[in-house]
Amino acid sequence: MGVVEKIQEIEREMARTQKNKATEYHIGLLKAKLAKLRQQLLEPTGKGGAKGEGFDVMKSGDARVAMVGFPSVGKSTLLSSLTKTHSEAAGYEFTTLTCIPGVIEHEGAKIQLLDLPGIIEGAAQGKGRGRQVIAVAKTADLVLMMLDAGKSDQQRALLERELDSVGIRLNKKKPQIYVQIKKGGGVRFTHTVPLTHVNEKLIMHVLHEYKLFNADVVFREDATIDEFIDVLQGNRVYIPCLYVYNKVDCICIEEVDRLARLPHHVVISCEMNLNLDYLVDVIWDYLALVRVYTKKPGNQPDLGPEDGIILRRGATIEHCCHALHRTLAAQFRYAIVWGTSPKFSPQRVGIKHLLDHEDVVQIVKK
């Protein structure tokens, strides 16, 4: 029996099993086995066989956004509308057969937008070049899930399931679970909050399934067994996701209003050029980018459209130093900041000062 058949067998057994207190250990073990098999499928250990052709796209710009979706939902049209790159669009499925990159220029930042081929159900098992598409999506800072507003919500659930099965967690934070593998001493399990989803016995069962008999496990939040398995696997990526419903010109205004009010949702029409400016603004917010201007002593700040440094939200003066020159942080004495981050403007600050969008920074060296 192959790996795919084993996965399908475990999925059938999980579907047959009733979920209650008596079966939670059995279901937890099945989930652990399923995660191991899926990792085996995505990262085969065998040496033989030729490598499949991938989508090697060099990461460029200040951030990377990957578009995923079923065929013919408007990914190529959106790429052509937002960037200067032309991506072939037609009325038949699988017009795009490889990864086509474009660049969105916004607030002085260059955001790389990737038009990926449409994925189909079973992409996680490699159908329709699904593995290559999903591998590129794993490297993105933001996933744009393109959906057809005229079709049912089932399409979103199918895409989420495909991405979830290969370790991409959308709009989730990394669980606060600490696991330290030891050489001896057995398993020591502690938790700092009351647990409602797991207990020590279930954690022991899952650790033994992974051949781990000596470890320290600390739960700092009320996590589920799925989140614990994610931590054990160690190859999960947590990416923000924006659900973009295209072709809203084909549905009634009440349905457009319902979709637009859902969390992480944006409604657009590529054909009629509706709401695309708002989409770019939301992408900027989800990428959590800030633009910081620099100033030389005695000169006016450089506030041109091409000036400024693009940093992540939460960046400090130290990050700004590293972005300017690799030796600047070592020579740092103090900085003067104008803008919304200091209590008064200008203010003399230290290297750990947090910066806001459109702050002006003057760095003084030793």
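**Entry 1: charges over rings**

I began with arginine 348, which lies over the face of tyrosine 334 at 3.7 Å from the ring centre. I took a charge to sit over a ring if NZ of Lys or CZ of Arg is within 6 Å of the ring centre and within 35 degrees of the ring normal. I then looked up arginine 156, which lies over the face of tyrosine 243, at 4.0 Å from the ring centre.

I note that this is a predicted model, in which local features need pLDDT of at least 70 and side-chain atom pairs count only at pLDDT 80 or more, while totals for chains, interfaces and linings use all residues. Residues are numbered from 1 along each chain as its sequence is written, and side-chain values use heavy atoms, with hydrogens and water left out.

**Entry 2: the chain as a whole**

I found ten helices and 16 strands in the protein chain; these are DSSP runs numbered from the N terminus, with helices (H or I) of at least four residues and strands (E) of at least two. Of its 366 residues, 44% count as buried, where buried means under 20% relative accessible area, exposed over 50%, and partly exposed in between (1.4 Å probe, protein chains only). Among contacts between residues at least 6 apart in sequence, 64% join residues at least 24 apart, a contact being heavy atoms within 4.5 Å.

**Entry 3: aromatic rings**

I looked up the aromatic pairs, of which the structure holds two. Rings of Phe, Tyr and Trp (its six-membered ring) pair if their centres lie within 6.5 Å, and planes under 30 degrees apart count as stacked, over 60 as edge-to-face and the rest as tilted. The rings of phenylalanine 189 and phenylalanine 219 have centres 5.6 Å apart and planes at 70°, so I wrote this pair down as edge-to-face. Phenylalanine 189 lies in strand 7 (residues 187–191) and phenylalanine 219 in strand 8 (residues 215–219), so the pair ties together parts that are 30 residues apart in sequence. Phenylalanine 219 also pairs with phenylalanine 228, and here the rings are tilted, at 5.7 Å centre to centre with 35° between the planes. Phe189, Phe219 and Phe228 form one aromatic cluster. Phenylalanine 189 and phenylalanine 219 are both buried, and phenylalanine 228 counts as buried at 0% relative accessibility.

**Entry 4: helix 6 and helix 7**

I next followed helix 6 (residues 200–209) and helix 7 (residues 225–233), whose axes come within 11 Å and cross at roughly 35°. In the contact, Leu202, Ile203, Val206 and Leu207 of helix 6 meet Ile225, Phe228, Ile229 and Leu232 of helix 7.

**Entry 5: loops**

I turned to threonine 224, which is found in the loop between strand 8 and helix 7 and is partly exposed, with a relative accessible area of 26%. Leaving aside neighbours within four places in sequence, threonine 224 is in contact with His197 and Val198. Threonine 224 and proline 175 are 49 residues apart in sequence and 9.3 Å apart in space, C-alpha to C-alpha.

I also checked the backbone, where the peptide bond from serine 345 to proline 346 is cis, with omega near 0°; proline 346 lies in the loop between strand 14 (332–338) and strand 15 (347–349). Serine 72 has a positive phi of about 60° although it is not a glycine, and I placed serine 72 in the loop between strand 1 (63–69) and helix 3 (75–82).

Methods
Axes fitted to C-alpha atoms, helices over the stretch in contact; angles between N-to-C directions.
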